[in-house]
Amino acid sequence: MRHGIVDKSTAYTAAQAITAALLARERTGIGTTIDVSMLDVAINFLWPDGMMNHTCLEDLAEVPAVAGSFRLTKTADGFVSVVTLTDDQWQGMVVASGVAEDARTNSVEGRMKHGGDTMRAVKKRLLEMTTDEVVDRMTANQVPCAPVVDLAQVRLHPQVVASGVIEEIDHPALGRIVQPRPAARMQGWSEAERRPAPAVGEHTDQILTEAGLSDAEIGELRARAIIL
């Protein structure tokens with residue numbers, strides 16, 4: 001799923017900063033101005049994984065960047081995502097794939113330096129298996145693994161259905177649509193009503209009335225094409 005991750009990350013960063021600023025104002029009585037740059041957010045968000053070999057300015061030996069491991073693996077009929085973070089998970093992947101074990105890869109440092117040959121052998125073997133077979137074998141060996149789900153099937157995935165994160169609503173212009181609920185669930189709090197974005201001018205009269213304008217004044221503004 002290709003998407004503009006920095007756009008959403010910037011929104012989250014702004015929301016967290018606003019929350020922190022409101023808490024600080026509550027405790028100190030002093031407000032502040034918040035500046036959020038999308039470039040700054042991008043650098044902060046992507047740095048830990050993408051800039052591992054560009055953090056230390058001393059002359060140290062480079063190791064393969066961890067970001068290089070964030071890839072999909074082809075199977076005979078699709079793709080899977082396989083992640084090994086611990087020694088046991090790495091060994092489980094080797095066993096599940098049926099490839100030869102390399103003693104040099106028994107540690108994190110060893111895998112980062114010498115794991116390439118093993119991973120190429122693993123990918124070659126997984127290419128001969130179906131997606132279901134790969135997931136079953138990896139799961140049996142306690143290796144984090146999941147199939148890549150077609151976008152049209154995301155809302156039908158058993159875990160997505162069980163979590164209730166996708167809801168169906170009737171949109172006044174689009175008809176039946178599905179969209180995600182807020183990811184954070186607050187126990188004991190009822191969720192706010194979710195409504196579609198308002199049409200242009202939909203709430204003009206309501207807002208101006210709340211601001212103290214009379215019906216005649218609103219009508220005059222509309223007649224002069226100042227409002228819609």
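Residues are numbered from 1 along each chain as its sequence is written, and side-chain values rest on heavy atoms, with hydrogens and water left out. Because the model is predicted, local features need pLDDT of at least 70 and side-chain atom pairs count only at pLDDT 80 or more, whereas totals for chains, interfaces and linings use all residues.

A search of the whole structure identifies 9 salt bridges, a salt bridge being a side-chain nitrogen of Lys or Arg within 4 Å of a carboxyl oxygen of Asp or Glu. One of them joins the side chains of Asp117 and Arg120, with an N to O distance of 2.6 Å. Both residues belong to helix H4 (residues 108-126), where a spacing of 3 residues places them about one helical turn apart. Helices (H or I, at least four residues) are DSSP runs, numbered from the N terminus, as are strands (E, at least two). Arg120 is exposed, at 54% relative accessibility, while Asp117 is partly exposed, with a relative accessible area of 46%. In these terms, buried means under 20% relative accessible area, exposed over 50%, and partly exposed in between (1.4 Å probe, protein chains only).

A salt bridge is also found between Arg176 and Glu168, whose closest N and O atoms are 2.7 Å apart. Here Arg176 is exposed, at 62% relative accessibility, and Glu168 is partly exposed, at 47%.

In the salt bridge between Asp205 and Arg222, the closest N and O atoms lie 2.8 Å apart. This pair links distant parts of the chain, for Asp205 is in helix H7 (residues 204-210) and Arg222 is in helix H8 (residues 215-223), 17 residues apart. Asp205 is partly exposed, with a relative accessible area of 37%, and Arg222 is likewise partly exposed, at 32% relative accessibility. Elsewhere, a network of salt bridges links Glu167, Arg181, Glu191 and Arg194.

On the surface, a patch of negative charge gathers Asp77, Asp132, Glu133 and Asp136. Patches consist of residues with over 30% relative accessible area and no salt bridge, with like charges joined within 9 Å and nonpolar side chains (Val, Leu, Ile, Met, Phe, Trp, Tyr) within 5 Å. Asp and Glu count as negative and Lys and Arg as positive, while His and the chain ends are not counted.

Technical notes:
Areas by Shrake-Rupley, 256 points an atom, 1.4 Å probe, with all protein chains shown as cover. Charge placed at Lys NZ, Arg CZ, Asp CG, Glu CD.
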